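Please look at the model first.

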Amino acid sequence: MIRIEGLSKRYGDVEALHRIDLEVPRGEFLVVLGASGAGKSTLLRSINRLTEPTTGSVWLDGQPTTGDRAGLRALRRDVAMIFQHYNVVPRLSVLKNVVTGRLGRMPALASWLQMFPAQDVAIARECLRRVGLDHKAEVRTDKLSGGQKQRVGIARALAQQPKVILADEPVASLDPKTSRTVLNYLREACRASGITVICNLHQVDYAREFGERIVGVAGGRIVFEGPPSALDEAALARIYPGGIGEGEAESPVAEAPSSVAVAAAPAQLTLEQS
Ligand code: ADP
């Protein structure tokens with residue numbers, strides 16, 4: 001469970017977050033919805049301390065998170081992140097990208113040498129299976145489409161076996177059909193593993209479709225909190241005080257993804273070979 005208390009963040013004169021209080025139960029798929037500049041990214045990055053809050057505290061499973069060395073190490077292990085622009089290493093194979101999710105869980109020497117034991121490779125393959133990409137394991141990642149690269153990003157986050165996945169606008173660069181496929185994989189894989197997801201989105205329809213609960217943010221404040229069914233016109237007017245812009249409303253409905261099952265074949269792996 002995540003508990004956020006009195007979280008504020010200032011950048012000079014800009015107050016990006018103002019006294020945010022929020023609880024996210026274990027296993028929830030929470031969508032943070034808001035226009036560009038609302039403070040979504042700052043909120044997410046304050047949770048894993050990519051951004052250091054100005055005031056306030058964040059608790060993970062009853063433990064306060066801290067920005068010191070030991071605190072950051074624990075956070076990086078327990079909290080995985082998925083980025084808008086995928087953050088994959090293009091010249092490495094899909095499998096090697098995913099297995100890097102294991103680095104924080106490996107003994108220091110093995111991690112430093114980037115030699116991945118067979119067990120970690122097996123975990124990476126299983127995570128690729130969860131996002132329907134096991135048949136692409138040996139392909140160079142730069143050969144994949146945008147949606148497939150983001151599924152690699154999801155598999156890498158899953159391989160970390162985190163308690164929480166933070167997804168910062170994970171489908172902002174993708175078309176509607178691919179976006180739904182990617183969000184479906186993220187939701188189903190995390191549901192199967194009991195992983196808590198906090199997913200920033202700016203599109204209302206995806207928030208309604210995928211959020212178990214929605215938190216609306218505007219001007220660095222929470223202006224709505226409730227189930228998708230409660231996201232009415234009045235709530236949208238608070239979340240989008242400047243009106244709903246292009247790309248923030250409806251998108252055509254796409255098919256759900258199908259998954260491909262292939263048995264894992266563990267093998268030791270190093271990152272130098274591509
Ligand atoms: P969102 O993710 O909803 O687009 P952000 O959290 O990125 O919003 O930004 C919230 C506010 O904080 C915006 O006004 C933005 O310009 C400002 N901001 C974000 N990051 C920085 C930074 N590193 N330096 C200065 N201002 C920033």
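Gly216 sits opposite Phe224 of strand 11. Strand 10 (residues 213–218) and strand 11 run antiparallel and are joined by five bridges. Strands here are DSSP E runs of at least two residues, helices are H or I runs of at least four, and both are numbered from the N terminus. Two strands pair if DSSP finds at least two bridges between them.

The model is predicted: local features need pLDDT of at least 70, side-chain atom pairs count only at pLDDT 80 or more, and totals for chains, interfaces and linings use all residues. Residue numbers start from 1 along each chain as its sequence is written.

Six strands make an open sheet with mixed pairing, in the order 6-8-9-3-10-11. Strand 6 (79–82) and strand 11 (221–226) are the edges; each has a single partner strand, so one side of each lacks a neighbour in the sheet. From one strand to the next, the twist averages 20°. Angles run from 0 to 180 degrees between N-to-C directions, with axes fitted to C-alpha atoms, for helices over the stretch in contact.

Met81 has Leu166 of strand 8 as its bridge partner. Ile165 is bridged to Val197 in strand 9. From strand 8 the chain crosses through helix 7 (residues 176–193) to strand 9, a right-handed β-α-β crossover. Right-handed means that, with the strands pointing away from the viewer, the path from the first strand over the helix to the second runs clockwise.

Strand 8 (164–168) is largely enclosed by the rest of the structure, because five of its five residues are buried. Buried means 20 or more other C-beta atoms, placed from the backbone, within 10 Å of the residue's own. Val164, Leu166 and Asp168 lie on one side, Ile165 and Ala167 on the other.

Helix 1 is mostly covered, with seven of its eight residues buried. Among them are Lys40, Ser41 and Thr42. Arg49 follows helix 1, with a positive phi near 60°.

Definitions and conventions: A residue is buried if 20 or more other C-beta atoms lie within 10 Å of its own, exposed if 12 or fewer, and partly exposed in between; C-beta atoms are placed from the backbone.
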